[in-house]
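Subject: Structure handover

Hello,

Please find the structure below, followed by notes on what was found in it.

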Amino acid sequence: MKLRNPVPLFAFALVALGCGGAPRPTDSLAAAESSVRAAKELNAQRDPKAELHLRLAEEEAAHARKLIEDGDNEEAARVLARSHSDAELAIALSKEAAAEQARNEMLHTSQNQTSMNESSAASH
Amino acid sequence: MSYYNPKYLFTLLTVALLSLPVLGCATAQPPKELVDARAAYTRAQSGYASELTPADLHNAKVALDKAERTFDDDGASKKTRDEAYVATRKAQLAEAAGATEHYKRELAAAEAQHRQQQAQAAERAEQQLTQAKQRLEEAKQARAEAVQRADQAMQKLKAANAAQVNQEPHRTVITLPGNVLFASGQAILMPTAQNSLDQVAEALKQQNHAKIRVEGHTDSTGSDSVNLALSKERAAAVSSYLVDHGVPQDRITTEGLGSSRPIADNSTLSGRAMNRRVDIIVEPEDESEQR
């Protein structure tokens, strides 16, 4: 085939391979929203750092929903990845705070028992 | 110009190649998100995650590598920045997961220690209880043995007929006839009294949980004041003898009652003889020792 002007063909290829060719990331949206719910169930809002990332995750998920409506699936997919990573981090931070608190409480209880034992041993 | 002209194609290629840096390949300046991602990974790597949650740390590395490759390919594009953002979050997650595991292990250790302490405290309490019970048992046992010895001693005295032994519900009264102990009108013990008094002393030494009262009595002949004085002196003589022969002094009280407590008829010879006596009353201190 004799090509008179390869530039338009080149441009068309770019468009075809590049933007707007991605599928609707509905599964990713569901996964991201599920992570946000999980973070809320863990009461992530009780720890300040966890709450920050929970809010970010919610905003990003909302943004992604809008992008999907507008048809920008590729961008939506990346925003969902951010949302999902923020939600997972919120969960991890929440668990960390809970584990630290449990550890501190047990150390406190243990210290009390030690001093009780010592005073009991001393008086006998 | 024909588009198949080699010169045209060559120009196109050169322009394309020269455009590559502009299009974003291997730009010198990484975006802030990527810098943050690298720092976050370094932090996570130097924390607990390396040892305790290596899988999460590996996921963070994979995400960082992906962002780095995208940066190499596309430069500081939105895609690079998004992937770097995710990489940062994954590194932070790994760090938090490592710390969580660390806290859990410390909690487990503290719980184990706490259980051990409680077990020790319980064991100590049980030991103390056992020892207390044991001491109580031993005390009871010792007391029972002492009571038994006291009883046996009194039975022995009774059987020996060296003195009259009357066992009443709450006390025992040992009666020593006056003529065995003293000459008429005298308060000095006769040598013949020794045998009886020795046996009484032996019996009294075993009465460890009892009070001992030595009472002197006279018959009605003579004046009351003389009889009172005589009875006191006689009681004292008996008490001294008993103390000298091992009966603890702090257990004995001594009294003279004169002729105020006759046990027989003072108008007869034998009656008067019976009234002239020394009574030794043994009263257990503890009511629970009733016989």
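Helix α7 (residues 193-205) of chain B lies across β2, β3 and β5 of chain B and runs at about 165 degrees to β2(B). Helices (H or I, at least four residues) and strands (E, at least two) are DSSP runs, numbered from the N terminus. Contact means heavy atoms within 4.5 Å. Axes are lines fitted to C-alpha atoms, for helices over the stretch in contact, and angles run from 0 to 180 degrees between N-to-C directions.

Some conventions before the rest. This is a predicted model, in which local features need pLDDT of at least 70 and side-chain atom pairs count only at pLDDT 80 or more, while totals for chains, interfaces and linings use all residues; side-chain values use heavy atoms, with hydrogens and water left out. Residues are numbered from 1 along each chain as its sequence is written, and chains are lettered from A and ligands numbered from 1 in the order in which they are written.

Chain B: sheet and helices

Chain B has 9 helices and 5 strands, which follow one another from the N terminus as α-α-α-α-α-β-β-α-α-β-α-β-α-β. The 5 strands make up an open sheet with mixed pairing, in the order β1-β2-β5-β3-β4 (chain B). At its edges are β1 (164-167) and β4 (252-256) of chain B, each pairing on one side only. On average, neighbouring strands of this sheet are turned by 20 degrees against each other, direction ignored. Two strands pair if DSSP finds at least two bridges between them.

Strand β3 (residues 210-217) of chain B pairs with strand β5 (residues 277-284) of chain B in the antiparallel sense, over 8 bridges. In β5(B), P284(B) is the bridge partner of A210(B). Helix α5 (residues 78-160) of chain B also lies across strands of the sheet, namely β1, β2 (172-177) and β5 of chain B, and runs at about 135 degrees to β1(B).

For the chain overall, 35% of the 291 residues of chain B count as buried. Buried means under 20% relative accessible area, exposed over 50%, and partly exposed in between (1.4 Å probe, protein chains only). The accessible surface of chain B comes to about 17000 Å², and 54% of this belongs to carbon and sulfur atoms. Accessible areas come from the Shrake-Rupley method with a 1.4 Å probe; for residues, only the protein chains shown count as cover. Of the contacts in chain B between residues at least 6 apart in sequence, 72% join residues at least 24 apart.

Confidence

The predictor gives the complex an ipTM of 0.78 and a pTM of 0.59. By pLDDT (the predictor's confidence in each residue, from 0 to 100), chain B has a mean of 90, with 92% of its residues at 70 or more. The mean for chain A is 83, and 80% of its residues reach 70 or more. Among the elements of chain A, helix α1 (residues 6-17) has the lowest mean pLDDT (53), and helix α3 (residues 48-70) the highest (94).

Charged pairs

Over all chains, the structure holds 29 salt bridges. A salt bridge is a side-chain nitrogen of Lys or Arg within 4 Å of a carboxyl oxygen of Asp or Glu.

One of them links the two chains: E75(A) with K78(B), where the closest N and O atoms are 3.0 Å apart. The pair joins two chains because E75(A) lies in helix α4 (residues 73-122) of chain A and K78(B) in helix α5 of chain B. E75(A) counts as buried at 13% relative accessibility, whereas K78(B), at 34%, counts as partly exposed.

Within chain A, R55(A) forms a salt bridge with E51(A), the closest N and O atoms being 3.6 Å apart. These residues are 4 apart in helix α3 of chain A, so about one helical turn separates them. R55(A) is partly exposed at 34% relative accessibility, and E51(A) is partly exposed at 28%.

Within chain B, the side chains of E215(B) and R213(B) meet in a salt bridge (3.1 Å, N to O). E215(B) counts as buried at 4% relative accessibility, while R213(B) is partly exposed at 22%. Salt bridges that share partners also join E60(A), E74(A), E75(A), R78(A), R82(A), K78(B) and D82(B) into one network.

A histidine in chain A

H53(A) is found in helix α3 of chain A and counts as buried, at 8% relative accessibility. Leaving out residues up to four places away in sequence, H53(A) touches D86(A), A87(A), L89(A), A90(A), L93(A), R89(B) and Q92(B).

Regards
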